[in-house]
Amino acid sequence: MEEVLKINGVDYSAHIEAKGIGWSRNDVDSEKTKRVKNGTLRRDKITTKRKLSYKLVHMTREELAVLDDALSAATFTATYMDLHGKQTRKFYCSSFSATQDSAYSRDGEWSGAAFDMIEV
């Protein structure tokens, strides 16, 4: 299986749910971007950043804890599959959620997680 998601050296590719990857590109404009009197846009584009969304399945509590620690860092490095091929970039993550299968299981079995990564 090809690596399509690796965070801080840990490969999570096998845990990605079917249709569990979302990709978007967001432009960053300077404060000079504005509309003039006739409504025409005068744009001063600075750069473009990626936002990636993932849904993961079949992970143990220990695996999810390692992932949570990695995503909790101020920034982290991720290798992922982009529209333009495999890329490695720095990201941050502001929210992470996980789903527990049953509150009554001995180790609290977990069915998966969801999170977004925003390029730094």
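Is Asp-82 buried or exposed, and what is its relative accessible area? In this predicted model, Asp-82 is buried, with a relative accessible area of 6%. Asp-82 forms a salt bridge with Arg-50, in which the closest N and O atoms are 2.8 Å apart. Because Asp-82 lies in strand S7 (residues 76-82) and Arg-50 in strand S6, the pair ties together parts that are 32 residues apart in sequence. Arg-50 also counts as buried, at 8% relative accessibility.

The count of salt bridges comes to nine. One of them joins Lys-45 and Asp-27, with 3.5 Å between the closest N and O atoms. Lys-45 is in strand S6 (residues 45-57) and Asp-27 in strand S3, so this pair ties together parts 18 residues apart in sequence. Lys-45 is partly exposed at 43% relative accessibility, and Asp-27 is partly exposed at 30%. Another salt bridge is formed by Lys-51 and Asp-116, whose closest N and O atoms are 3.9 Å apart. This pair links strand S6 to strand S10 across 65 residues. Lys-51 counts as partly exposed, at 31% relative accessibility, as does Asp-116, at 25%. Salt bridges with shared partners join Arg-25, Asp-27, Asp-29, Arg-43 and Lys-45 into one network.

Glu-119 is located in strand S10 (residues 110-119) and counts as buried, at 11% relative accessibility. The side chains of Glu-119 and Arg-89 are joined by a polar contact of 3.2 Å. Beyond its neighbours within four places in sequence, Glu-119 is in contact with residues including Thr-48, Lys-49 and Arg-50. Asn-26, in strand S3 (residues 16-29), is 93 residues from Glu-119 in sequence and 9.7 Å away, C-alpha to C-alpha.

Note on methods:
Residues numbered from 1 in each chain as written. Predicted model: local features only at pLDDT ≥ 70, side-chain atom pairs only at ≥ 80, totals over all residues. Heavy atoms only, no water. Helix = DSSP H or I, 4+ residues; strand = E, 2+ residues; numbered from the N terminus. Buried < 20%, exposed > 50% of the residue type's maximum accessible area, 1.4 Å probe, protein only. Polar contact = N/O pair within 3.5 Å; in protein donor to acceptor, adjacent residues only side chain to side chain. Contact = heavy atoms within 4.5 Å. Salt bridge = Lys/Arg side-chain N within 4 Å of Asp/Glu carboxyl O.
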